[in-house]
Amino acid sequence: MSALAIHRPLSRGLLPCWLIILALLGGLAGCSRQAQAVDSDDVVFDSQTFRVVSVDLDREALSLHWKDPEGGQPYGDIETLRQWGIAHDRRLLFAANAGIYDRQFAPLGLYVEHGKTLVPLNLVRGNPAAGNFSIQPNGVFVIYPDGTAAVRASTDFKTDAKAAQWATQSGPMLLINGQVNDRFVDDSASLKWRSGVCAKTPHKVIFAVSEAPVNFHTFARLFRDELGCRDALYLDGTISQFYVDGDGYAGAPTFMVKPYAGIFAVFTSEKP
């Protein structure tokens with residue numbers, strides 16, 4: 001073969017091998033980035049296992065969902081919300097129950113979707129029917145119109161008087177300014193599956209759910225000592241579950257789960 005033959009032009013429509021390899025690697029990297037769109041890990045703390053999910057608000061949109069906007073019916077469970085996403089060409093990457101609700105399956109406290117307040121802030125104290133919600137202080141998880149997130153004690157949220165794009169009120173607060181809620185007892189025998197949330201930074205939200213029953217004190221310390229949060233909010237107890245695309249469900253056993261009111265969700269616009 002002559003030297004000139006080595007440098008002959010490629011036939012029309014063919015690409016150099018190195019370009020093909022780069023394209024394939026780029027596609028694999030894209031798949032990897034998609035697979036990591038929600039960061040989910042099992043974390044062992046104080047001899048207990050927790051599923052911890054981190055959401056980077058600079059990369060993913062975290063939203064709240066209570067009722068189907070077309071039919072007005074509550075989704076009620078994560079699977080129904082996932083199927084709604086499929087019908088609208090949106091894949092559910094992550095979902096979690098969003099807070100305590102009443103016997104009519106409506107949020108017990110503040111609930112905001114798309115900047116619209118569907119349930120007002122609830123500052124009633126000491127109502128036994130409200131269960132854990134009545135343990136003070138309770139609080140609000142909020143995403144503001146500028147895309148930043150925070151956990152605020154309910155009274156502080158009212159004082160802030162800032163508009164919310166998405167918000168759910170629940171309780172009690174697990175951490176307040178880096179301190180464990182002083183209503184919690186470190187050796188309490190009240191053990192339940194528990195879920196909670198914090199905004200570690202204005203753009204990083206961390207969710208956690210226990211894989212076995214734990215008390216409030218241990219759960220609060222998880223957020224402070226392991227996850228590095230300063231303010232954290234309890235979402236709910238025995239009914240709590242997380243869904244992560246590719247990993248399935250974590251948290252309470254399915255037979256213990258009841259219909260939810262609000263549901264946190266991260267969707268992708270890509271088809272399932």
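Me: In which strand is the place of Ser63?

Reply: Ser63 has its place in strand β3. Helices (H or I, at least four residues) and strands (E, at least two) are DSSP runs, numbered from the N terminus. The model is predicted, so local features need pLDDT of at least 70 and side-chain atom pairs count only at pLDDT 80 or more, whereas totals for chains, interfaces and linings use all residues. Residues are numbered from 1 along each chain as its sequence is written, and side-chain values use heavy atoms, with hydrogens and water left out.

Me: Why is Ser63 called buried?

Reply: Buried means under 20% relative accessible area, exposed means over 50%, and partly exposed lies in between (1.4 Å probe, protein chains only). Ser63 has a relative accessibility of 9%, so Ser63 counts as buried. His65, in strand β3 (residues 62–65), has a relative accessible area of 8% and is therefore buried.

Me: What makes the approach of the Ser63 and His65 side chains a polar contact?

Reply: A polar contact is a pair of N or O atoms within 3.5 Å; within protein, one must be able to donate a hydrogen and the other to accept it, and residues adjacent in sequence count only if both atoms are side-chain atoms. The side chains of Ser63 and His65 make such a contact at 2.7 Å.

Me: Which residues does Ser63 touch, not counting those up to four places away in sequence?

Reply: Contact means heavy atoms within 4.5 Å. Ser63 touches Trp166, Ile263, Phe264 and Ala265. With the same exclusion of sequence neighbours up to four places away, His65 touches residues including Tyr75, Tyr111, Glu113, Ile263 and Phe267.

Me: How many aromatic pairs are there, and what makes two rings a pair?

Reply: The count comes to 14 aromatic pairs. Rings of Phe, Tyr and Trp (its six-membered ring) pair if their centres lie within 6.5 Å; planes under 30 degrees apart count as stacked, over 60 as edge-to-face and the rest as tilted. Phe50 and Phe219 stand at 6.1 Å centre to centre with 25 degrees between the planes, and this aromatic pair is stacked. Phe50 lies in strand β2 (residues 48–56) and Phe219 in helix α5 (residues 216–226), so the pair ties together parts that are 169 residues apart in sequence. Phe50 has a relative accessible area of 0% and is buried; Phe219, also at 0%, counts as buried.

Me: Why is the pair of Phe207 and Phe264 called edge-to-face?

Reply: Their centres lie 5.0 Å apart and their planes make an angle of 65 degrees, and an angle over 60 counts as edge-to-face. Phe207 belongs to strand β13 (residues 204–210) and Phe264 to strand β17 (residues 263–268), so the pair ties together parts 57 residues apart in sequence. Both Phe207 and Phe264 are buried.

Me: What makes Cys198 and Cys229 a disulfide?

Reply: A disulfide is a pair of cysteine sulfur atoms within 2.5 Å. The sulfur atoms of Cys198 and Cys229 are 2.0 Å apart, and a disulfide joins them. This links distant parts of the chain, with Cys198 in strand β12 (residues 195–201) and Cys229 in the loop between α5 and β14 (232–236), 31 residues apart. The structure holds one disulfide. Cys198 has a relative accessible area of 0% and is buried, and Cys229, at 3% relative accessibility, counts as buried.
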